[in-house]
Amino acid sequence: SDVCSSDLISRETSPQVYIMKLQEDHVLFQLRVWSPQFDGGLALRSALSRDIVVALHESGIKVRGESG
């Protein structure tokens, strides 16, 4: 499922992405989104992380710790 198209993320405030560290072999970024569901933070973080890993994998980008 695509968490970005669900009701877990507010449509009124755009997500923000910050590059925290940029090196030859990796990029560390921070994603900030707003949710109307105050108590759903852990589920939202997990779903976003899963969707990001899937999108990177589909684009041919390996994630650290991923085998293959």
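Okay, Ile19: at 53% relative accessibility it counts as exposed, where exposed means over 50% relative accessible area, buried under 20%, and partly exposed in between, with a 1.4 Å probe and protein chains only. Ile19 is found in strand S1. Setting aside residues up to four places away in sequence, Ile19 touches Val27, Leu28 and Phe29, contact being heavy atoms within 4.5 Å. Ile19 and Phe29 are 10 residues apart along the chain, and their C-alpha atoms are separated by 4.4 Å.

Quick word on where this comes from. It's a predicted model, so local features need pLDDT of at least 70, side-chain atom pairs count only at pLDDT 80 or more, and totals for chains, interfaces and linings use all residues. Residues are numbered from 1 along each chain as its sequence is written, and side-chain values use heavy atoms, with hydrogens and water left out.

Now the overall layout. The chain has 1 helix and 2 strands, and from the N terminus on the order is β-β-α. Those are DSSP runs numbered from the N terminus, helices being H or I with at least four residues and strands E with at least two. The C-alpha trace spans about 35 × 25 × 20 Å along its principal axes. Of the 68 residues, 12% count as buried. The chain exposes about 5800 Å², and carbon and sulfur atoms supply 55% of that; the areas are Shrake-Rupley with a 1.4 Å probe, and for residues only the protein chains shown count as cover. For contacts with a separation of 6 or more, residues 24 or more positions apart account for 42%.

So which residues make up the largest nonpolar core? Val3, Ile9, Leu44, Ala47 and Leu48, 5 residues in all. By nonpolar core I mean a set of buried Ala, Val, Leu, Ile, Met, Phe, Trp, Tyr and Cys residues joined through side-chain atoms within 4.5 Å. Take Leu48 from that set: leaving aside neighbours within four places in sequence, Leu48 is in contact with Val3, Cys4, Ile9, Leu31 and Val33.

Next, Ser10, in the segment before strand S1 (16-23). Buried or exposed? Ser10 is buried, because its relative accessible area is 18%. Beyond its neighbours within four places in sequence, Ser10 contacts Trp34, Ser35 and Pro36. Ser10 and Gln37 sit 27 residues apart in sequence and 9.0 Å apart in space, C-alpha to C-alpha.

Over to helix H1, with two residues to look at. Arg45 is in H1 and is exposed, with a relative accessible area of 62%. Arg45 and Val33 are 12 residues apart in sequence, with 9.5 Å between them in space, C-alpha to C-alpha. The C-alpha atoms of Val53 and Val63, 10 residues apart along the chain, are separated by 7.1 Å.

Rolling a probe the size of a water molecule over the atoms shows where empty space is left. Here, on a 1 Å grid over the protein atoms alone, a pocket is an open set of points with protein on both sides within 12 Å along at least five of seven lines, where a cavity is a set of points where a 1.4 Å probe fits but cannot get out; lining residues have an atom within 4 Å of a point. The largest pocket has a volume of about 830 Å³, that being the space filled by probe spheres set on the points, with grid points joined across faces, edges and corners. It is lined by 26 residues, and Phe29, Gln30, Leu31, Ser49 and Ile52 lie nearest its centre. Strand S2 (26-32) and helix H1 (41-58) each supply at least two lining residues, and H1 gives the most, with 8.
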